[in-house]
Amino acid sequence: MKRPKITDVRATTIALPLEAPLRHSNGAHWGRFVRTIVEVDTDIGVTGLGEMGGGGESAEAAFRALKSYLVGHDPFELEAMRFKITNPTASLYNNRTQLHAALEFACIDIVGKVLNIPAYDLLGGKLRDTIPFASYLFFRLPNQENGQGEVRTADQLVEHALALKKQHGFQAHKLKGGVFPPDYELEAFHALAHAVGSDPVRYDPNGALSVEDAIRFGRGIENLKNDYFEDPTWGLNGMRRVRANVKIPLATNTVVINFEQLAANILNPAVDVILLDTTFWGGIRPCIKAAGVCETFQLGISVHSSGELGVQLASMLHMGAVIPNLVFTADAHYHHLMDDIILGGPMKYQDGAIQVPTGPGLGVELDRDKLGQYADYYKSTGGYPYDRDPARPGWFSLVPNTRWADPADSRPVKY
Ligand SMILES: [Mg+2]
């Protein structure tokens, strides 16, 4: 077998419409996801696919800048690439962890295609054929085109959750909070939990609550069937104080997102469940390594979603397939998207789960027409500030936050 060498790194920014803008504690996804699709070419004609988000902005220029580091590199040499791109002392000026993740997906895709095996077979072999997902519910602004999709009241939240459960078969439900005053969200979360019956629930305000509000909220939901209480407050010490005062496991995708933080959390526990994100951790393999540490210390594992189209989703599915200690449903924003850029159209949920792709590499291919269509859409709509709210011009969040959105405000918003 001739070992491949990387010849080019290409990146295309696309924007893909969401059903409606998704609100979170720091702002919103303004009615579309901006993603950078990466293609890594080799001298044997095999191309690998990667994907990265970027808070509403293009990452094309950052990938272009890495081309000189990668031309001539053998994509089988994944550990060498880690140090070429993300040596922890060499990359202090320009943290490249998330860029590395997209390149790692692409190299794993190349290796799988060269060997004609799915990525999961490179990564230890799959333990499951499908990955179950939670419904991942957001408070949403109405779509500016048709006025549809608003989720602001408890009734709207329940209606939305039940519709998603019916459509996709979700059997666990996550509410992204941190938007409205905590007491308002507490009531909405209770309404959700009661509406979904025996399905487990999870609440995640992205660390926006003060420690005291988080303890009060946590005690107010202790009687529900919680998977966990996700990032109720900010910081390992804040989480530790909440954990000491609330009888629900704490989870995070904000304060344990690298190995040093994982070590700190093991030496002085603040969090019980680690949400692994193939982008935040720098790739699929670092997530699998972290899952191994968690297995040793018996911490729980779940899968975080930083927003995904089919390529990123494939990375999450392959990771989920090989991790033994994945006992919670995964998160994905995927069902809020109107389309995808992979051949065959968006992957389908069945009974709340998505099939792990079985083709060579990541098992997904680009639909060139769709890629072109949504690259044009990005060119006409541009980026947006993910950490601002189109409904509240001039607003920005504090930590802990005290400047909540007004639940009575139902004015239409242009974004
Ligand atoms: Mg989270």
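Modeller: Let's start with a helix pair: H6 and H7 make a right-handed crossing (right-handed if the near helix is turned clockwise from the far one by less than a right angle, left-handed if anticlockwise). Keep in mind that this is a predicted model: local features need pLDDT of at least 70, side-chain atom pairs count only at pLDDT 80 or more, and totals for chains, interfaces and linings use all residues. Residue numbers start from 1 along each chain, as its sequence is written. The H and S labels are DSSP runs numbered from the N terminus, with helices (H or I) of at least four residues and strands (E) of at least two.

Back to the pair. H6 covers residues 154-168 and H7 residues 182-195; their axes come within 9 Å and cross at roughly 35 degrees. Axes here are lines fitted to C-alpha atoms, for helices over the stretch in contact, and angles between N-to-C directions run from 0 to 180 degrees. On the H6 side, Ala154, Leu157, Val158, Ala161 and Leu162 meet Glu187, Ala188, Ala191, Leu192 and Ala195 of H7; a contact is two C-beta atoms, placed from the backbone, within 7 Å.

As for the domain itself, an unreviewed UniProt entry lists residues 154-249 as "Mandelate racemase/muconate lactonizing enzyme C-terminal". UniProt positions follow the numbering used here, feature names are shortened, and annotations may be inferred rather than shown by experiment. Over that range the chain is 52% helix and 14% strand, with its end C-alpha atoms 25 Å apart.

Now the strands in that stretch. S8 (residues 173-176) and S9 pair in the parallel sense over 4 bridges, where pairing takes at least two DSSP bridges. In that pairing, histidine 173 stands opposite valine 201 of S9. S9 (residues 201-204) is covered on both faces: Val201 and Tyr203 on one side, Arg202 and Asp204 on the other, are all buried. Buried is 20 or more other C-beta atoms within 10 Å of a residue's own, exposed is 12 or fewer, and partly exposed lies in between, with C-beta atoms placed from the backbone.

Further along, H8 (residues 211-221) packs on H9 at about 30 degrees, axes 9 Å apart. That makes H8 roughly parallel to H9 (under 35 degrees is roughly parallel, over 145 roughly antiparallel, 65 to 115 roughly perpendicular, the rest oblique). H8 passes H9 in a right-handed crossing. Val211, Ala214, Ile215 and Gly218 of H8 make the contact with Gly238, Arg241, Val242 and Asn245 of H9.

Aspartate 231 sits in the loop between strand S10 (226-230) and helix H9 (236-245). Its phi is near 40 degrees, a positive value in a residue other than glycine. Aspartate 231 counts as buried because 27 C-beta neighbours lie inside 10 Å. Tyrosine 136, a non-glycine residue, has a positive phi too, of about 45 degrees. Tyrosine 136 is in the loop between strand S6 (130-132) and strand S7 (137-138), and with 24 C-beta neighbours inside 10 Å it is buried.

Now for the rest of the chain. Three strands form an open antiparallel sheet in the order S1-S4-S5. S1 (6-17) and S5 (47-52) are its edge strands, each pairing on one side only. Neighbouring strands are turned by 20 degrees against each other on average, direction ignored. Helix H4 (residues 97-115) packs on this sheet, touching S4 and S5, with its direction at about 150 degrees to that of S5. S4 (residues 32-42) is joined to S5 by 6 bridges, and glutamate 39 stands opposite leucine 49 in S5.

Helix H13 (residues 368-381) lies across S1 and S4, at about 65 degrees to S1. Leucine 371 is in H13. Leaving aside neighbours within four places in sequence, leucine 371 contacts Thr12, Ile14, Ile37, Ile341 and Leu366. Leucine 371 is partly exposed, with 16 other C-beta atoms within 10 Å. In the segment after H13 you'll find proline 400, joined to valine 399 by a cis peptide bond with omega about -10 degrees.
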